[in-house]
Amino acid sequence: MATQRESQTTQSDIACCDHNVDSTMQPQQESHVGKEGSSQLKMSLPAISFVMLIAGILVEYVFRFSFFKGWVSLTWYFLAYIPVGLPVIKKGVESIARGEFFTEFFLMSIATIGAFVIAKYPEAVAVMLFYAIGELFQDAAVNRAKRNIKALMDIRPKTARVFRDGKFITVSPESVQIGERILIKPGERVPLDGEMLTEGSSFNTSALTGESKRSSILTGAQVFAGMINIDKAIELRVTQLFEDSSLARILHLVQKATQRKAKTELFIRKFAKVYTPIVVFLAFALVLVPSFIVEEYVFSQWLYRALIFLVIACPCALVISIPLGYFGGIGAASRHGILFKGSNYLDLMAKVNTLVMDKTGTLTKGVFTVLKVESRIDRAELLQFVTALEKHSTHPIAKAIVEYIGEHGSGYSAVQVEEISGHGLKGMVAGKEILAGNNKLMEKYHVPIDLDTSALADTIVFVARERKFVGYITIGDEIKEDASIAISSLRRTGMKHIVILSGDKQSVVNEVSKKLGIAEVYGDLLPEQKVEKVEALKRNPDRVVGYVGDGINDAPVLALADIGIAMGGLGSDAAIETADVVIQTDQPSKIVTARKISQATKHIVWQNISLAFGVKLIVLILGAGGLATMWEAVFADVGVALLSIVNAVRLQRMTFK
């Protein structure tokens, strides 16, 4: 597998901040009352410390009461310190117990205890207080960033009406079995995937696709969990268990999304693990080294500078804001019907410079219609032979042929049916071997075709009976409405190479490529030949290859590409499971949206890194030189963290069109 994808399973091994953004993705089991109480406590503790700190400063420095000195002052500020300082010290001790000495909690604990030692009591309280306030802002930012994702958790239907013992009863969706009938009334959300039994209805599919447009579904078609029934009461025959439904699959993908880290995120966390002990060493050096070279050395003065150094060196802004930036990107994408399976793929999407696309179902609608039937035997008999065979396939071409003659139009049944990937179908109909597929299938079974079909710019299904060519059916497909706009927009985002790989005949692929303005196209490809083409593209080390496909035949190429993009949240299970990004709306233009979101996320992450390092470096130098106090260090550290968080939250407000 390509090196770009190697980071996907590495987990963070450093506890540098109070909240792991990943944990917010997990379904919470706490009661509403428990959550509310915890939130109130978290806000009240900093409030107590803040009031006591302000009161102490007023009494000591504004009103200058003489009694507020010595042990009185120490006791007051120590009591103000406990609500915000004790939780941090506790986390520092727990980190040390796990063998992680050099964490943010360790830095702040040393700095504030040292401040108490040199009688800088207000500064000691301020360090912990502003850290706690920063945590509250972080909570608010994380909650805002995850709102779009967590909203998915609320669309899971809690009940289903299932037909049992002669009546519909209300049960949990988890208890409904495949084959049972369920009833969905107007305005209700579909609880399970199923086949439409009634005449049909209209549905709002926004939960699955991100688009709120109405979709009409007729008898026999699939209805998916999460859709909202609009018109009338309908009945479905359940085709998937609750845990296997389309909605459950999407929720599972979203819940796992932030477990895969981006390289930048992994680097920053690893960097923090090395950076923190270096900072502690430099702080000690800042106290000790001047004693050998400074004539009028004052220990408390240099200790104070070292404490400032420790406060400003805390990597909080980096460790909080960078995961939050990626989390915001995943949330923004989900709002547009795009599922990134990890923040590492947000990074990769911005780097892709070669995009390989399947044709059918990706650039074209994949909704085929029969255009022409040419037969050397009785036309009706030819259609019945082919239909009997095609009923055993789920391929869009097979469905088009079956629909053309009618679901029950064939008087024959096919047995020993074999679907040959990339070729077509073979089976026995009325005691005779029937072949229906492309020219590669005819070549495989040595069936000569004595006519020239190369000029036809449509998909052709050749038919042979007993290894003799007896006719063909031409099938037409339609280019998706936004395909042309998507291709031109991709080029504007910096996509250098766009390639079409298709199993369809070359003349058909050429026709599509002309309409879309794509120069590099390859048709007549088997699945293994698609793999070979992508492997050839990847041999160039300067190329980062993305592949877009929708079918089961695309799964090997999706896995091989640096980043695989599955077209259609309701498409092939194999494609969706293998892909790194899922475009739920089936629109090629969403690839452009995904790319813009990834580019915006990358820019924001690097802005945060630059801001944090830049400000910290300046204040570190000023602090070491005695030109900055601990107050400035506190405000600089907290200020950088808050600015980084606000910058990350901007992703939620951006439009990507």
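**Entry 1. Salt bridges**

I counted a salt bridge where a side-chain nitrogen of Lys or Arg is within 4 Å of a carboxyl oxygen of Asp or Glu. The model is predicted, with local features needing pLDDT of at least 70 and side-chain atom pairs counting only at pLDDT 80 or more, while totals for chains, interfaces and linings use all residues. Residues are numbered from 1 along each chain as its sequence is written, and side-chain values use heavy atoms, with hydrogens and water left out.

The structure holds 13 salt bridges. I went through several of them. K530 and D358 form one, with their closest N and O atoms 3.1 Å apart. This pair links distant parts of the chain, K530 being in helix α17 (residues 527-538) and D358 in strand β11 (residues 354-358), 172 residues apart. Helices (H or I, at least four residues) and strands (E, at least two) are DSSP runs numbered from the N terminus. I then checked accessibility, taking buried as under 20% relative accessible area, exposed as over 50% and partly exposed as in between, with a 1.4 Å probe and protein chains only. K530 is buried at 7%, and D358 is buried at 6%.

D450 and R376 form another salt bridge, at 2.7 Å between the closest N and O atoms. D450 is in the loop between α14 (439-444) and β16 (459-465), and R376 is in the loop between β12 (369-375) and α12 (379-390), 74 residues apart. D450 counts as exposed at 57% relative accessibility, and R376 is partly exposed at 47%.

For D586 and K480 I read 3.9 Å between the closest N and O atoms of the salt bridge. D586 lies in the loop between β22 and α20 and K480 in the loop between β17 (468-476) and α15 (483-492), so the pair ties together parts 106 residues apart in sequence. D586 is partly exposed at 34%, whereas K480 is buried at 9%.

**Entry 2. Nonpolar cores**

I looked for nonpolar cores, meaning sets of buried Ala, Val, Leu, Ile, Met, Phe, Trp, Tyr and Cys residues joined through side-chain atoms within 4.5 Å. Of the 52 residues in the largest core, L307, L310 and M630 touch the most other members. Elements giving two or more residues to this core include α1 (32-62), α9 (299-313) and α21 (630-649). The largest share, 11 residues, comes from α9.

I listed contacts (heavy atoms within 4.5 Å) for M630, leaving aside its neighbours within four places in sequence. Among the residues in contact with M630 are A111, V127, Y304 and L307. A second, separate core of 44 residues includes V509, I563, I583 and F656.

Because 5 of its 5 residues are buried, β21 is largely enclosed by the rest of the structure. I563, I565 and M567 point one way from β21, and G564 and A566 the other way. In general, side chains of a regular strand alternate between the two faces of the sheet.

I took two strands as paired if DSSP finds at least two bridges between them. Strand β20 (residues 545-549) runs parallel to β21, joined by 4 bridges, and G546 has I563 as its bridge partner in β21. Strand β22 (residues 581-583) is also parallel to β21, with 3 bridges, and I565 has V581 as its bridge partner there.

**Entry 3. Helix α11 and S598**

Helix α11 (residues 343-351) has 8 of its 9 residues buried, so α11 is largely enclosed by the rest of the structure. Those buried include L346, M349 and A350. S598, found in helix α20, is in contact with L346, M349 and A350, its neighbours within four places in sequence left aside. S598 counts as buried at 1% relative accessibility.

**Entry 4. Charges over rings**

Last, I checked for charges over rings (NZ of Lys or CZ of Arg within 6 Å of the ring centre and within 35 degrees of the ring normal). The charged end of R181 sits over the ring of F163, 4.3 Å from its centre. R305 lies over the face of W302, at 4.2 Å from the ring centre.
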